[in-house]
Each structure stands twice: as C-alpha cells, then as structure tokens.
Amino acid sequence: MRKFQFRSVSKNSLLIRLLLSFAGIIVLLAAFQLISLSIIQDTIRKEVIKYNTMMLNKTIDSYETYFKLTDSMMTELFFDPLVNAIISNPGTNDHQLVNELSDRLKGFISNKQLYLNNILLYFPDEGIVFDMKGREKADKTFSRYYKSEIWKSHTWHQLSETTDHFTVHTASDFNTIQFANTVASHGTLFPITIKSKLSSFYIVAMVDANQIYDDYHFSINHAFYMINMNDKVLFHKHGGKEQEIPEAVQQKLRALDGISVQDYVKKDDIYYFSSQGELSGIRYVNVIPHTAIASQMTKINFILFGLLIVSIGFAVVISFVLSFRFYSPVQKIIESIQQKRQSAEPESTIHEFVLLHDNFTKFMKTDGSIRRELQHKNAILRNYGFMTKAKNIYANPTLQELAETNESFYLVLFDIMYTDQMYELMAEQQNRASYYINEFIFVHFAEHFPNASTFQIEEDRIMSLVFTSELFERLENTLNDIIRAIDRDNSYCVLTIAFDRKLHHAGELSSSFEIAINMLQQRRLTDRAQLITRYEPLTVTHVLEPAQERELFANLQAGNLKNSASALLRITEQLNKRNEIAYRYSRLALETFTIVIKVFISYAMDITLLLERLAPEKYIKKYATANSYAEYFEGLLDFAASQIEENRKEENPVVSYVIDYLHNRYHEDVSQEQLAEQLNISSSYLSVSFKEKTGKNFSEYLNELRIGRAKELLKHSSMKIQEVSSNIGYQNANSFIRMFKKVTGHTPGEYRRQLSD
C-alpha cells in the first residue's frame with residue numbers, strides 16, 4: 001500500500017474543500033452546543049424556579065390542611081358535653097368536672113400530629129381560663145404561665161370583641177415564670193383563636209410554630225414568612241443572614257395574590273415566591289437567594305462545558321483523518337483518467353471507489369428517473385403531513401379573537417361524565433370519544449348556526465359560542481336534538497348542558513363562563529342527559545346536622561357498622577325525597593369521609609391507606625346516580641369498620657393490666673396518674689393507649705364500671721344510697737348521684753323505684 005505523499009494543493013482542491021467543510025461543521029457544532037448550553041441553563045433555571053414554586057405549594061397545602069383540621073377539631077369542643085357543663089357555670093367548684101375537662105384537653109395535646117402546646121378555654125367576662133392543668137384566673141395565666149412581650153392580659157381580652165371564627169395570630173416566644181423568678185420557655189407558639197357566635201367564650205390553640213415549620217416547610221432555603229391580610233408578619237424564619245422583605249417587594253407580592261401561585265418577584269438577586277392560603281388568608285413567602293439557585297446549576301455547567309471541549313477536539317481529529325482518507329483515492333482516480341484519457345482501473349484498494357468508477361456511467365443514465373421518482377414520493381409525504389396536521393385542528397379562530405368581537409352571543413357549556421363501563425376502556429378510546437362528541441356538536445351547530453364556534457377546553461368539557469341576535473328558543477331546540485342523539489349512548493357517558501338564556505355582549509365572556517360553570521353543579525342524579533337553563537346561586541351548607549355528625553362519629557368509633565349504615569341510609573333517602581342536586585350528594589360524601597378520618601385519628605390509626613383507596617375526589621366525577629353514592633358509602637363504612645376492628649384486636653399488655661386492675665379495685669381511690677406511676681409510663685401515654693383500645697378515656701371507663709356495679713347493688717340489696725356510693729368508690733354521695741344520672745338518665749332513687757314497680 002502506497003503512503004499518501006504531500007504535494008502542492010490548489011485552494012479549490014477537494015482536500016481544501018473537505019477541510020473547510022469539516023471546519024464549518026465543527027463551527028456549527030460548537031455554536032449549536034453553546035446555544036444548547038445556554039438553553040439548558042435557562043431551562044434548568046426555570047425548572048429550579050418551578051421546583052421552588054412546587055415546594056411553596058406543598059408548604060401551603062400542609063399548613064392549610066393543618067389549619068382546617070385544627071378548626072374542625074377545636075370547633076367540636078363547642079359541642080362537647082363537658083365544655084357545655086363548664087359554660088353553664090364557669091366558676092364551678094366541681095373538681096371532678098374540671099379534671100375530666102383537663103383529661104379531654106390532654107387527649108388532644110398528646111397527639112403529636114396536632115403540634116399543640118396547650119388548649120385554653122378563655123371566659124373573658126369571668127376572667128377564667130381552663131386548660132390541660134385545670135382552671136386558673138386569666139390574669140395569672142397570661143402574666144405568669146404564658147407570658148409574652150406582645151401578648152398581654154388586655155390583648156387577650158380585646159380579642160373577645162372580634163367576630164372572626166378562625167384566626168391565626170402573631171407567633172411569639174411564651175415563657176412560664178417559676179419560683180424564684182426563674183423562666184421556663186414554651187418556645188415560639190402560634191395563638192389560634194376559634195370562636196362561636198353561640199358562646200361567650202373562645203378557644204385558643206397554642207401551636208408550636210417551630211415544630212410545624214420543621215415538618216411542613218419545604219424549600220432549599222430556610223427564609224420563610226407568614227403575613228396576614230393586614231400585612232403583619234405572623235411568623236418568620238431567616239436562612240443564615242437575617243433579611244427582611246422590602247416594602248416595594250411586599251407591594252408586588254400583594255398584587256400576585258389570587259393571580260397565579262407560579263408568579264414570583266425578583267429583586268437584588270433574591271427570589272420571592274408567594275401565594276395566599278384559602279382558609280387562613282395568610283400570604284406565605286419563601287425567600288430564595290439567587291446564589292442558592294445558581295449553585296444548583298454550577299455542576300451541570302462544568303459537565304456541559306467539558307463535553308463541549310471534548311466534542312470539538314474529537315471533531316477536529318476526525319475531520320483531518322476522514323478528509324485525507326477520502327481525498328487520496330479520489331485523487332488517484334483523477335490522475336488515472338488524466339493520464340490514459342480513458343476509463344482505467346484506479347490504483348486503490350478501496351472496493352467502494354472501484355465500484356464508483358465502474359458504475360459511474362450507469363448512475364448518470366438512471367439519475368433522471370430516480371429524481372422524478374423522488375419528487376413524486378416527496379409530494380406524497382408532504383400531503384400526508386398536511387393531513388396529519390389537519391386532524392389535530394378543532395376550530396380555526398382562537399378564543400381570544402372571539403372574545404374581542406362586538407357580536408352578541410349565547411354561551412353553551414357541555415360536561416361529559418363517563419360511566420364505569422367507559423372507564424374500563426383504554427384512555428385512547430376515551431380521548432377519541434371526547435373528540436367525536438366535540439365534532440358532532442361542531443357539525444350540528446354549523447348546520448343551524450353558521451357563526452357558531454366550538455372548543456374542547458378540557459378532556460371532558462366542551463364550550464360553544466353561538467353568535468346570533470335571535471331569541472333563545474331555536475338554539476334550545478337544537479340543544480334538545482343534541483341531547484336526544486347523545487343520550488342513546490348513556491351507558492358510556494352522561495351529558496350535562498348548561499345554557500344561560502341571556503344574550504351576552506363583548507367583554508362578558510368571563511362572567512358568562514363563570515355562570516355556566518356554576519349551572520353545571522345544579523345537575524340532578526340521573527343517568528340521562530340534562531339541559532340546565534336556569535341559574536340558581538349555590539349556598540355552601542353542611543348536609544349533616546351536628547347531631548347527625550355526632551351520631552355517625554360515635555357509631556363508627558364503636559365499630560357499629562349497622563347503625564352507621566342506617567344513619568347514612570336515612571340521610572340519602574331524605575336527599576332522594578327532596579330530589580337534591582348532585583352537588584349535595586358530593587358534599588355528603590366529603591363530610592362522611594371527614595368523619596371517618598376523625599375516627600381514625602381518635603384511635604391514632606394511619607390514614608394513608610384510607611386516602612389512597614377511598615378519597616371521594618376520585619369517584620365523585622363519575623357518579624351519575626344515587627346508587628353509585630350508596631355503593632361508595634357502603635365500601636367506605638366496611639373499610640372503616642374492618643380497620644377499627646383490626647386495631648382493637650391488637651393486644652396491649654398495658655391496657656389489659658389497667659382493665660384488670662379497675663375491675664378488681666374499682667371501689668378504691670384509683671387514678672390514671674397512680675396507675676401510670678405503677679407502670680413506669682407517662683400519664684399521657686396511658687391516656688392515649690387506653691382510648692385507642694377501648695374507645696373511651698380512663699375516667700369514662702371507670703365511671704361506667706362503677707355505675708354498673710351500683711345498679712347491681714340497688715337491684716339486689718337494701719343498702720342506702722350513701723352506702724352504695726362508698727361501696728363502689730365514691731366518697732361524695734352527690735358526685736355519685738350526679739354521675740349515676742349522667743350515665744343512666746335517672747337518679748339512684750328513681751332507678752330503684754322503677755325496679756320495684
């Protein structure tokens with residue numbers, strides 16, 4: 001094999017052109033990679049911003065969910081029998097009643113998921129506070145046990161003049177002044193006030209602000225602010241160097257609230273991510289320095305830049321090698337042709353160049369026919385591409401262009417509810433069904449109203465704008481025709497049409513769309529298509545009455561599936577008789593699910609599996625009939641009852657010991673603290689464990705045990721009431737009589753007389 005020999009090369013030679021071409025390719029490659037690097041950097045920055053936005057959303061969801069749970073659980077205290085007994089006489093000297101209330105509050109506080117330091121029941125008119133330690137004067141509580149620089153006694157009293165049901169107040173460091181003026185810190189606490197229009201007192205939940213921040217705040221930086229609607233900072237954390245939010249930034253953040261949680265403000269290389277909570281009205285702000293975002297991009301930048309250098313160097317080497325290997329045989333073929341003036345075998349061992357020489361003439365002859373064939377195929381491919389794009393076009397004009405017209409229009413909103421039979425099909429077939437329904441509506445309107453425009457705004461929602469100045473009757477007849485056609489396939493989907501008979505003008509698109517959305521919520525439970533033409537504003541009210549909630553909660557807590565199912569059956573039958581709208585059924589499902597969650601929490605059970613399997617949001621969208629909701633309630637109650645039963649079957653040696661002890665020594669002076677000390681465990685742990693396994697707290701169980709023994713003595717002996725009282729462990733006959741009546745509904749004397757009768 002002859003080695004390539006360097007010789008003078010013309011600037012127009014193949015070698016120069018190859019080298020220049022490869023050089024151009026290398027330059028384009030480098031430019032492409034630099035542009036790609038820039039785009040990737042920008043994309044990474046956007047993704048990091050998106051990540052921080054998602055983390056803020058997760059933080060807000062966690063805080064707001066916690067506030068909703070706290071609101072619900074604290075509101076229940078207004079209906080608690082013990083609290084109502086205190087309300088009737090805040091200055092009572094009944095120590096047993098006060099102790100029972102304290103035990104009830106300790107049960108809440110011992111739940112670590114509630115982050116509670118204490119629960120205060122403040123009676124401002126009487127100047128009395130009840131908490132987990134008992135009763136105390138308000139001035140002493142707020143000046144000694146919960147002393148704060150910003151929360152004075154008069155400040156707490158002023159809060160009684162406000163009417164807000166649920167308010168999160170400014171977090172502060174609270175301390176207890178002990179003997180010898182030593183200070184014990186409670187830490188930083190959120191005072192949350194919960195009020196009822198029916199009560200003169202209000203509840204203060206003292207929440208551990210730092211602990212809830214540690215568990216609920218998700219961010220790459222620790223700088224975090226919670227600001228109320230009066231622009232007052234309720235709580236803040238600084239990430240390293242202390243920093244405050246500039247006033248100019250706060251004005252921009254206020255403008256963002258209610259627009260989009262993905263908006264943010266950047267000033268002086270600092271990002272401020274902000275959004276407002278739905279329940280609390282609090283504006284949450286994460287402060288992220290630009291350096292924190294830039295640091296996440298540094299490593300990938302080094303990697304990409306290194307790849308760029310390596311790829312350029314590799315491309316230069318390859319370009320020289322390929323250029324010389326390609327140029328050498330070509331040059332030999334040219335020399336052979338020039339020397340012999342005829343076709344000759346080139347001096348080359350490359351088989352491809354030999355074939356190129358032999359077949360060059362044949363290629364020239366077939367070149368014309370090949371070119372014509374390629375042109376024909378290109379035309380076919382181009383037409384196919386046009387047809388493919390055409391299939392993705394739903395409507396020609398854009399919604400924005402339509403909104404800017406001056407023509408009057410009717411707005412029609414179609415909602416498609418797919419049945420279980422449809423959900424069994426593949427997702428692709430569901431999308432195809434939505435597309436066909438959209439096309440059917442488009443064609444039907446085009447036949448009667450040429451200026452109508454139809455859009456598929458969501459997977460299961462279609463909107464039509466009918467531009468006409470006619471009265472609504474002809475359009476309503478057309479909608480009835482559409483219902484009759486689509487209702488033939490009601491086994492797969494149920495159609496609901498919202499049609500506001502009012503003729504709208506330019507600029508009213510947003511308001512008319514809002515009305516149509518609300519009209520869809522007025523659909524009735526049926527598997528037939530519906531046309532809704534009347535707008536009735538919805539009032540958000542509870543379906544379950546407080547007494548019904550308590551009854552359902554008590555039955556579920558006791559594992560009484562039959563009574564729970566009967567209660568729900570009565571409620572759904574009432575809804576059926578009143579022919580209530582589907583929205584009320586969905587509210588009933590949400591309220592029932594909330595009660596089940598409360599029952600699980602009362603037993604300290606994990607609710608993860610419950611949320612995954614039976615969260616009502618997964619089912620409401622496809623429930624078209626009352627039977628569907630009945631099946632959901634049946635499955636929910638079955639699951640809850642089985643989980644509670646399994647939880648109860650788990651043996652707990654501590655609880656077993658306590659139950660045996662109470663059955664053997666109920667007549668003695670026994671207390672929860674005494675048994676906890678014997679078992680070498682905390683009283684709060686014993687309280688939670690006992691309630692989890694028995695469904696009752698310690699005092700309830702002991703009192704019911706004693707009253708049961710008292711009923712036997714009243715029935716089978718002639719003991720006096722005082723003797724029965726001391727025999728079962730009550731040293732005070734009045735306390736015994738009051739507890740007997742509370743449990744049985746009768747005094748001991750009345751009970752004995754009934755037995756005689």
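The model is a predicted one, in which local features need pLDDT of at least 70 and side-chain atom pairs count only at pLDDT 80 or more, while totals for chains, interfaces and linings use all residues. Residues are numbered from 1 along each chain as its sequence is written, and side-chain values use heavy atoms, with hydrogens and water left out.

Rings of Phe, Tyr and Trp (its six-membered ring) are taken as a pair if their centres lie within 6.5 Å, and planes under 30 degrees apart count as stacked, over 60 as edge-to-face and the rest as tilted. By this rule the count comes to 34 aromatic pairs. In one of them, the rings of Y122 and F142 have centres 5.4 Å apart and planes at 85°, so this pair is edge-to-face. Y122 belongs to strand β1 (residues 116-123) and F142 to helix α4 (residues 138-145), so that the pair links distant parts of the chain, 20 residues apart. Y122 is buried, with a relative accessible area of 3%, and F142 also counts as buried, at 3% relative accessibility.

The pair of F690 and Y701 is edge-to-face, with 5.3 Å from centre to centre and 85° between the planes. Because F690 lies in helix α22 and Y701 in helix α23, this pair ties together parts that are 11 residues apart in sequence. There is also an aromatic cluster, whose members include Y63, F166, F224 and Y284.

## Helix α22

Helices (H or I, at least four residues) and strands (E, at least two) are DSSP runs, numbered from the N terminus. Helix α22 covers residues 683-694, which makes 12 residues, and reaches 16 Å from its first C-alpha to its last, close to the 16 Å expected at 1.5 Å a residue; the expected span is 1.5 Å times one less than the number of residues.

The buried residues of α22 include L686, F690, E692 and K693. After the helix comes G695, whose phi is positive, near 80°.

Strand β15 (residues 461-467) is largely enclosed by the rest of the structure, because seven of its seven residues are buried. R461, M463, L465 and F467 point one way from β15, while I462, S464 and V466 point the other way.

Two strands pair if DSSP finds at least two bridges between them. Strand β13 (residues 409-418) is joined to β15 by seven bridges and the two run antiparallel, with F409 standing opposite F467. Strand β14 (residues 453-458) pairs with β15 over five bridges, again in the antiparallel sense, and here S453 stands opposite L465. A hairpin with two residues joins β14 to β15.

## Strand β8 between two strands

In strand β8 (residues 224-227), F224 and M226 on one side and Y225 and I227 on the other are all buried, so that both faces are covered. Four bridges join β8 to strand β12 (residues 283-289) in an antiparallel arrangement, where I227 stands opposite R283.

Strand β9 (residues 233-237) also pairs with β8 in the antiparallel sense, over four bridges, and I227 stands opposite V233 there. The hairpin of β8 and β9 has five residues between the strands, and in this hairpin D231 takes a positive phi near 60°.

## A pocket and a cavity

On a 1 Å grid over the protein atoms alone, a cavity is a set of points where a 1.4 Å probe fits but cannot get out, whereas a pocket is an open set with protein on both sides within 12 Å along at least five of seven lines, and lining residues have an atom within 4 Å of a point. Grid points are joined across faces, edges and corners, and a volume is the space filled by probe spheres set on the points. The second largest pocket holds about 610 Å³ of space, and its lining consists of 22 residues, of which Q96, D669, V670, L702 and R706 lie nearest its centre. Helix α3 gives the largest share of this lining, six residues.

Notes
Buried means under 20% relative accessible area, exposed over 50%, partly exposed in between (1.4 Å probe, protein chains only).
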